[in-house]
Amino acid sequence: MSRNRDRAPQRTSRPTALDEARNELFGHIHRCGVMKASPDQQQEWMRDTVEFLKERHSALTEREMKELETIGLRFCSPVISNAAEVETATAEAHDGAEQEQEPAAA
């Protein structure tokens, strides 16, 4: 006798409509390069894109669409927004250290 006989059959987990729309939004963000845009441009782009997603995923509620917009805007504003400045400062510090380590001409 099998113990598995009493268990309910496992269902395959399919992504929800919100999951699919979110994944599609993240893909659009990466492809369009909106992360490099100004905050005003990001908000305008996000409104347009969420409208597009609303047409594609008609099962989503207004609350879910608002959540999608919020998630997208957060995704466009990474925690370390000054990465270019950090890279520049690191490179300058590294160049300065190399100049100090060069042997003196004899």
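Here is a friendly conversation about a predicted model and its helices.

Colleague: Which cut-offs apply to this model, and how are residues numbered?
Modeller: Residues are numbered from 1 along each chain as its sequence is written, and side-chain values use heavy atoms, with hydrogens and water left out. As the model is predicted, totals for chains, interfaces and linings use all residues, while local features need pLDDT of at least 70 and side-chain atom pairs count only at pLDDT 80 or more.

Colleague: How many helices and strands does the protein have?
Modeller: Helices (H or I, at least four residues) and strands (E, at least two) are DSSP runs, numbered from the N terminus. From that end, the elements run α-α-α-α. The count is four helices and zero strands.

Colleague: Which residues of α3 are buried?
Modeller: Buried means under 20% relative accessible area, exposed over 50%, and partly exposed in between (1.4 Å probe, protein chains only). The face of α3 turned away from its buried side carries the exposed Arg63, Lys66 and Arg74. The buried residues are Met65, Leu68, Glu69, Gly72 and Cys76.

Colleague: Which helices are included in what covers the buried residues of α3?
Modeller: Contact here means heavy atoms within 4.5 Å. The cover includes α1 (17–32) and α2 (39–56).

Colleague: Is Thr49 buried or exposed, and which residues does Thr49 touch?
Modeller: Thr49 is found in helix α2. Thr49 is buried, with a relative accessible area of 9%. Not counting residues up to four places away in sequence, Thr49 touches Leu25 and His28.

Colleague: How are the rings of Phe26 and Phe75 arranged?
Modeller: Rings of Phe, Tyr and Trp (its six-membered ring) pair if their centres lie within 6.5 Å; planes under 30 degrees apart count as stacked, over 60 as edge-to-face and the rest as tilted. The whole structure holds one aromatic pair. The centres of Phe26 and Phe75 are 4.3 Å apart and their planes are at 20°, so the pair is stacked.
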